[in-house]
Amino acid sequence: MAESELSANVVDIRRFSTHDGGGIRTTIFLKGCNLECSWCQNPESISGKVEPVFLPSRCIGCGLCLEVPGGAASRVGDRIYVDATRVGADWEALTRVCPTGAITWNARSYTVSELVELAQRDRAFFGTDGGVTLSGGEPLFRPHFAAALLRALKQAGINTAIETALNVRTEFVLTALEWTDHVFADCKLLDVAAHRRHTGSGNERILANLEVLLTGPRRADVTVRTPLIPGVTDGDDNISAIASFLASLYPDVTYELLNYNPLAAAKYDLLPGREFLFPRDANPPMLGRSRLDELKSIAQAAGLRYVL
Ligand code: SF4
């Protein structure tokens, strides 16, 4: 199969983004991740498969879905409920009868050439700094697709970036790097036991990949990020340990502290079978300015010069 015909499941394409790299960007969220962070902001991206979804806010109560065999749709009081986990339900038939898109899938498959064509349409808005960012999920979860897409974008003259957790084989990172202008790499927790507890996986491979990136010739093209999850990653010890580790590799790396978005919990309600492991009731507000400044000072004291 030609590389341009390789396909992958895409959960979302966000256009005109200003948060996923330099300039104005089109961000492609690929489905599939090999971490299961308890606080995941994009839980719909964890599974690599296209999943059925019922969106109650779009339902107008027309009742057409009640006629579809399989028993997934039922009337509950004066509302309709459609069970996306119902065994034997013909979800494709349900999506066809639903006039509003309340019954739908949470992703669709795109080929490399389709995504390059979409990016080309946004090209006028990219300017000199903008371009395409691959996010997820984990964009390197499908390494051959990611490399083919990045290569095709670069060959089309489009700036590329990836947002990765780096929990993949080093060869996949280095192959992607050949066609990537900037890498945004997560470093969530330095303690391996805590990392395993909160993400379902150890961090040995992530730290090894960070070492390769931050001691290699492209180290100036890497930004390391820590999402500040209250009570999990936002402790002084964790930030100090991460910053010390990074400073030992490359003190000039840009290190970014990302504030937590407590709104993600609502996404889990649309994903039956996937549990939000972070306690909802305890969702504290995002960190305030003074605490963010404190954490930045800790990272700087550990030896990093550029902390955002
Ligand atoms: S067909 Fe769609 S809009 Fe109509 S009741 Fe069913 S879910 Fe709601």
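V50 counts as partly exposed, with 16 C-beta neighbours inside 10 Å. Here a residue is buried if 20 or more other C-beta atoms lie within 10 Å of its own, exposed if 12 or fewer, and partly exposed in between, with C-beta atoms placed from the backbone. The structure is a predicted model: local features need pLDDT of at least 70, side-chain atom pairs count only at pLDDT 80 or more, and totals for chains, interfaces and linings use all residues. Numbering starts from 1 along each chain as its sequence is written.

V50 sits in the loop between strand 2 and strand 3 (52-54). Helices (H or I, at least four residues) and strands (E, at least two) are DSSP runs, numbered from the N terminus. Leaving aside neighbours within four places in sequence, V50 is in contact with N9, W105, N106, A107 and R108; a contact means that two C-beta atoms, placed from the backbone, lie within 7 Å.

The protein is divided into domain 1 (3-49 + 107-307) and domain 2 (52-105), with bounds that come from an automatic or database domain assignment. Between the C-alpha centres of domain 1 and domain 2 there are 34 Å.

| Pair | Separation along the chain | C-alpha distance |
|---|---|---|
| I28 and T133 | 105 residues | 6.3 Å |
| V50 and Y260 | 210 residues | 27 Å |
| D221 and E5 | 216 residues | 29 Å |

I28 belongs to strand 2 (residues 25-30) and counts as buried, with 25 C-beta neighbours inside 10 Å. Not counting residues up to four places away in sequence, I28 touches V10, I13, L115, V132, L134 and S135.

D221 is in the loop between helix 6 (204-214) and strand 11 (222-228). With 15 other C-beta atoms within 10 Å, D221 is partly exposed. Beyond its neighbours within four places in sequence, D221 is in contact with D181, H182 and V183.

Helix 3 (residues 143-155) has 13 residues and reaches 18 Å from its first C-alpha to its last, close to the 18 Å expected at 1.5 Å a residue. That expected span is 1.5 Å times one less than the number of residues. The buried residues of helix 3 are F145, A146, A147, A148, L149, L150, A152 and L153. They pack against strand 1 (7-17), helix 2 (112-126), strand 8 (131-135), strand 9 (160-164) and helix 4 (170-177). After helix 3 comes G157, whose phi is positive, near 80°.

In soluble globular proteins, nonpolar side chains tend to be buried together. A nonpolar core here is a set of buried Ala, Val, Leu, Ile, Met, Phe, Trp, Tyr and Cys residues joined through C-beta atoms within 7 Å. Of the 67 residues in the largest nonpolar core, L149, A243 and L246 touch the most other members. Helix 3 gives the most to this core, with eight residues. Apart from this core lies another, of 16 residues, among them C59, V82, A84 and A102. As for A243, its contacts are Y255, I298, A299, A302, G303 and L304, not counting residues up to four places away in sequence.

**The ligand shell**

Of the 16 residues around the ligand, C59, C62, C65, C98 and A102 come nearest. A residue is near a molecule if its C-beta atom, placed from the backbone, lies within 6 Å of it. By class, the shell has 13 nonpolar, three polar and no charged residues. In this scheme Ala, Val, Leu, Ile, Met, Phe, Trp, Tyr, Cys and Pro count as nonpolar, Asp, Glu, Lys and Arg as charged, and the others, Gly among them, as polar.

**Backbone details to look at**

A cis peptide bond joins G136 and G137, with omega about 15°. G137 lies in the loop between strand 8 and helix 3.

F16, in strand 1, has a positive phi, near 60°. F16 is exposed, with 11 other C-beta atoms within 10 Å. The phi of L166 is also positive, near 65°, and L166 is found in the loop between strand 9 and helix 4. L166 counts as buried, with 24 C-beta neighbours inside 10 Å.
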